[in-house]
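Come and look along with me.

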2 protein chains.
Amino acid sequence: MDFRVEDITQEEIDRRLAVVEPLTDAVRDLVDAVIRSTVDDEALSAARGRIEEVTATLRTQQREGSFGTPFTPEFVGMPWGNAVVGARNALAPPLRIDQEAGGIAHCRMTLGAAYEGPGGCVHGGVAAMLLDQLCGEAAAVEGVPSFTGTLTVKYLHPLPLNAPLRGRAEVTRREGRKTFVGATLADADGVAVQAEAIMIAPRGFELPTE
Amino acid sequence: MDFRVEDITQEEIDRRLAVVEPLTDAVRDLVDAVIRSTVDDEALSAARGRIEEVTATLRTQQREGSFGTPFTPEFVGMPWGNAVVGARNALAPPLRIDQEAGGIAHCRMTLGAAYEGPGGCVHGGVAAMLLDQLCGEAAAVEGVPSFTGTLTVKYLHPLPLNAPLRGRAEVTRREGRKTFVGATLADADGVAVQAEAIMIAPRGFELPTE
């Protein structure tokens, strides 16, 4: 796993995010439109042609493989390719996870057509994915990511699409490299999905010192 | 949950897929390019403008809410908006899950930059999402979907991005409305993630008769 260091200021981070976040939002909106559009085949094929042209312009200069997880020397993480919270990743649901002291992470979100499982409802696997990320962020200390050891998810009722949802995770216990976390996803009717996770801190991973 | 019936032939299904699958692939490719591109800010912003134009053309006619889960009268499912297997959903990983008699489902796939968690590795939440879908497809009988009751995922080693992966799920036991399923995701080094699921058949769900 790659933890490259990129020596940039918070101002430079903010400047880059101001460019890429609207681009990612535009792609997210395109993903939704492709799912819901009822235009005719000719219009769909024309859209494909135009999308391929845009992709070609972006690929004239690109990284090999994946975005990776760069950090600044101050250990500010920039996991912008991340599947759940990456600022450049249109697959990531439109949400921001906030962390609080004491091992707490929470978020609010509304999930649209792209997150569908059963008709009109959030995919159970998407719920599991969100809970995994929430548990990881609750368990993280000083920005050091931890890895999921075990994740157990219990589904109580389906979560609706296009409705306000809340996610929350809280560390219940730490024991050596293991951190135990409980998490929930809730809608207007209360908790819909519950999770318990055992997160593992990477072996030999140390906070960088300046 | 919505189970609308759409009376179309297999030929019409195939014709529609031949148009939407290449469009979805083009959007998937765009998602990847946005993550990995290193072109300058001006080029990124120009790409955003062009994407917004394409989205506007697609939104001139569209469904409300989400795609839903239509079926033909012969009970062929068309969950084309599905977050993991939807033919119109660019978030869905590039894979096809095959089912075998006896409650077995399997797939092969290579996951790119859009599925990243730890640098260079598949996001643990993405692995959970894939295992949830695999368990659901193994448990499905005659196309009738089942819902996840409990999903337990155990992570043994990280799965690499951009490498061939295999997924497999198998029903171990059925008991009333409950189906017990075991599943794995593996790379060249063997099983990396294991799951056990209890899937629940929807109450009162009956196969439609003509």
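This is a predicted model: local features need pLDDT of at least 70, side-chain atom pairs count only at pLDDT 80 or more; totals for chains, interfaces and linings use all residues.

Entry 1: I superposed the chains and found that chain A can be laid on chain B by a turn of 180 degrees and a shift of 0.0 Å along the axis, with an RMSD of 0.0 Å. The two copies are therefore related as by a two-fold rotation axis. I then asked which residue of chain A comes closest to that axis. I found Thr152(A), whose C-alpha is at 2.1 Å.

**Entry 2: the contact between the chains.** I looked up the contacts and got 82 residues of chain A against 81 residues of chain B. On the side of chain A that touches chain B, the elements giving two or more residues are α1 (10-36), α2 (41-58), α3 (124-139) and β3 (147-155) of chain A. Which of them gives the most? I found α1(A), with 14 residues. By residue type, this side of chain A divides into 41 nonpolar, 28 polar and 13 charged. I also checked whether the surface recurs, and 99% of the contact residues of chain A do so in chain B, so the same surface serves both copies.

**Entry 3: the sheet.** I traced an open sheet of 12 strands, with antiparallel pairing. My order reads β1(A)-β2(A)-β4(A)-β5(A)-β6(A)-β3(A)-β3(B)-β6(B)-β5(B)-β4(B)-β2(B)-β1(B). The edge strands are β1 (98-100) of chain A and β1 of chain B, each of which pairs on one side only. Neighbouring strands are turned against each other by 20 degrees on average, direction ignored.

**Entry 4: where the chains join in the sheet.** I went to β3(A) and β3(B), which run antiparallel and are joined by five bridges. Here Lys154(A) stands opposite Thr150(B). β3(A) also pairs with β6 (residues 190-200) of chain A, in the antiparallel sense over eight bridges. In that pairing I found Thr150(A) opposite Ile198(A).

**Entry 5: the chain B end.** I followed β1 (residues 98-100) and β2 (residues 104-110) of chain B, an antiparallel pair with three bridges. Glu100(B) has Ile104(B) as its bridge partner in β2(B). Three residues lie between the strands of this hairpin, and Gly102(B) takes a positive phi near 90 degrees. β2(B) pairs as well with β4 (residues 164-175) of chain B, antiparallel over seven bridges. Thr110(B) stands opposite Pro164(B) there.

**Entry 6: helices across the sheet.** I looked at what α3(A) lies across, and the list includes β1, β2 and β3 of chain A together with β3 of chain B. α3(A) runs at about 135 degrees to β5(A). α3 (residues 124-139) of chain B lies across strands that include β3 of chain A, and runs at about 135 degrees to β5(B).

Entry 7: Most residues other than glycine have a negative phi. I therefore stopped at Asn162(A), partly exposed with 14 other C-beta atoms within 10 Å. Asn162(A) has a positive phi of about 55 degrees, and lies in the loop between β3 and β4 of chain A. In chain B, Asn162(B) has a positive phi near 55 degrees, and its place is in the loop between β3 and β4 of chain B. Asn162(B) also counts as partly exposed, with 14 C-beta neighbours inside 10 Å.

Methods: Residues are numbered from 1 along each chain as its sequence is written. Chains are lettered from A and ligands numbered from 1 in the order in which they are written. Two strands pair if DSSP finds at least two bridges between them. Helices (H or I, at least four residues) and strands (E, at least two) are DSSP runs, numbered from the N terminus. Two residues are in contact if their C-beta atoms, placed from the backbone, lie within 7 Å. Ala, Val, Leu, Ile, Met, Phe, Trp, Tyr, Cys and Pro count as nonpolar, Asp, Glu, Lys and Arg as charged, and the others, Gly among them, as polar. Axes are lines fitted to C-alpha atoms, for helices over the stretch in contact, and angles run from 0 to 180 degrees between N-to-C directions. Copies are superposed by least squares on the C-alpha atoms of residues with pLDDT of at least 70 in both. A residue is buried if 20 or more other C-beta atoms lie within 10 Å of its own, exposed if 12 or fewer, and partly exposed in between; C-beta atoms are placed from the backbone.
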